[in-house]
Amino acid sequence: MIQRRTSLSENIIAFCRFLRQNDFTIGFEEEATALQALSFIPFQDSLQFKMCLMVTLCRDVRQLSKFDSLHHQYWKELDQAVDSKTKDSLDRNRSQNKQPSLQSLKSWLYGNQLQEEIQTAIHSAGEILVEQDFSTIPEDQIEEISERIREMAKWLANRVNRRHKKSNTRKVIDLKNTLRKNMRNGGELVNIQYKKPKKNKIKLILLCDVSKSMELYSIFLLQFMYAFQSVFKQIETFTFGTSLQKITKELQQNSFRKTLDDLSTTAQNWSGGTQIGKSLSTFVDNFGVQLLNKNTIVLIMSDGWDTGDLDILEESMRRIQQKSKKIIWLNPLAGSPNFEATAQGMQVAMPFVDIFAPVHNVLSLRNLVDFLH
Amino acid sequence: MISLEKIQEMLFEQGYITEPQIVMAVFLSMKLQKPLLIEGPAGVGKTEIAKVMAKALETDLIRLQCYEGLDASNALYEWNYQRQLLHLKVLEKQENLTIDDVETDIFGEKFLMKRPLLQAITHHKSPVLLIDEIDRADEEFESFLLEVLSDWQITIPEIGTIKATHIPQVVVTGNRVRELSEALRRRCLYLWIDYPDFEKELSILRNRLPEIDARLAEQICLFMQEIRKLRLEKTPGIAETLDWAMALSALHFDYLDKTLIEQTLGVILKDWKDIRQTQLSLTELYAKTGIVSKVDSL
């Protein structure tokens, strides 16, 4: 596949390795593709060189947006390494047998040599994280725990999917209709009718409180739920603090964190009190007809501290309950053993809630799956 | 021999205004014979690329539109049962036919209805196969597709295995309705197309509607750039820009003014909430794009 092996190919492979460390999914095949692709383009054009690598090595938008800076970083570092190497060989040109080792680049590339040990250490730390409350997770472990949540959710979603699969995917002949339709052919079966099991897939509505105390919980919940996209017919996501925002579309393009950041720069009164009632009533008014029916599960994630009018909250909860299949209220505070629903908003909403559950750690997210069907 | 310049030329001739990135992606996917996965918001010309490629290569475009519940029989082949039954009925009158004779007859080519994937691999000339909106299909279909895309052969139990005579040029598009599997991503080259910037949109407009008034074109593009910055349900794409421009120039307008925009907003916005929201921020939009009403300008 690859005819020539030059120092360039070595560099490309090192570059792939560098990308891999930055969460790119690159295997041997991609490396080979990139090298092969490079042979087709004019070598001296650095812009085309970059684009060529971009097309062959990126897999989604997020990688695409990271690529430019990584590419720049790598080749800058490489230039420096080559510089020092040239100087090096001028000093002692006796050792000509020595392969260009680019030692400085390599050591930079691997950071420190203990990569593997660190990874195993992280893994065992993860076991403890499962039961830790999200709010007590230190900043530097957030990335890791969201990764774990994604993985777990993927696995669970696959399981749910299999469980729900209809056993007869093949077409089934609808004899009754077939005979009836073919009366006009004198009973000769020309036109065959089929029947299909009716699919009633569930729609999921996520309403997330994003006031400061709830933000982190919401992030983890969303990451978890989005793995279930194939299980549900549709997932729509809203956030509320003082007002309601629909963010389904933003989430398709960006990470939840970025979406939230964008929101907080556009929303005028971000750090006001939470107005659950008002937000829920906006939701029913604007989206009720379109989104709510008896195949819809509504998932509300909030601690129930409502600074607005409680009557509106009660009214909206009633309307949502009437129109939907199930309301699940997730309250992160409910995870603590001496929790009582003291928040006034919570007390008002309780009668309309079908399932009340905590979501404060990875374990409780996992238990959530059982409520979804 | 395909070269970068030639592809750029071909795309341009077909009226497709490109960015270097798109040219590179198309070029490499042809050279490496790998599927090209194109993602991006609705209405930015993802599907158009496949059409233009087919035209430029002077070959046929075979399109497989994906939807929820799409299965192998709709994508590969199906037997024409009605015809088979009719045929059997006629055969009944003839005696001295063995079961084998009947079978080879009934499972012949003429009773086989080829669906897009089978069509693509049996085509006489390597076609462009467009698999549109793959993220709408179920995950099972995606894995099935992977199999076909890697082996380029299809097994029909009654006939045997059909191998591709020519490997088609595959373009896969997605809207990010659902996350695609890593396996599919890895098999493809990746291209992301975003909404065009002002310059690009303007040149697309001029290219498609050469007779349009220069000032009107500029105003339209400027307005579209601003409208995309609003948080809308369905952000209008290039298709909407073209529709709007076509409508306005058909009505012989040569500049935008407030009344005109208010009257024709329905051409670019397809959601009532969007229209309502835009109407509320129209003043701001006018200020940004420098559009005045007739009364103001007098």
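1. Let's start with chain B of this predicted model. Its secondary structure comes to 16 helices and 9 strands. Of its 298 residues, 50% count as buried. The chain exposes about 14,300 Å², and carbon and sulfur atoms supply 52% of that area.

2. A word on how chain B is connected: take the contacts between residues at least 6 apart in sequence, and 76% of them join residues at least 24 apart.

3. Now over to chain A, where 6 strands form an open sheet. Reading across, the order is β5-β4-β3-β6-β7-β8, with mixed pairing. Strands β5 (244-246) and β8 (355-357) of chain A stand at the edges; each has a single partner strand, so one side of each is left without a neighbour in the sheet. From one strand to the next, the twist averages 20°.

4. Within that sheet, have a look at β3 (residues 203-209) and β6 (residues 296-301) of chain A, which run parallel and are joined by 6 bridges. As one example, A:L204 has A:I297 in β6(A) as its bridge partner.

5. Helix α13 (residues 310-323) of chain A lies across β6 and β7 of chain A, running at about 130° to β7(A).

6. Finally, a surface feature: A:I173, A:L175, A:Y194 and B:Y81 form a nonpolar patch with about 360 Å² of accessible area together. A:Y194 sits in strand β2 (residues 194-195) of chain A, and it counts as partly exposed because its relative accessibility is 30%.

How values were computed
Residues numbered from 1 in each chain as written. Chains lettered and ligands numbered in written order. Predicted model: local features only at pLDDT ≥ 70, side-chain atom pairs only at ≥ 80, totals over all residues. Heavy atoms only, no water. Helix = DSSP H or I, 4+ residues; strand = E, 2+ residues; numbered from the N terminus. Buried < 20%, exposed > 50% of the residue type's maximum accessible area, 1.4 Å probe, protein only. Contact = heavy atoms within 4.5 Å. Areas by Shrake-Rupley, 256 points an atom, 1.4 Å probe, with all protein chains shown as cover. Patch = residues over 30% accessible without salt bridge, like charges linked within 9 Å, V, L, I, M, F, W, Y side chains within 5 Å. Salt bridge = Lys/Arg side-chain N within 4 Å of Asp/Glu carboxyl O. Pairing = 2+ DSSP bridges. Axes fitted to C-alpha atoms, helices over the stretch in contact; angles between N-to-C directions.
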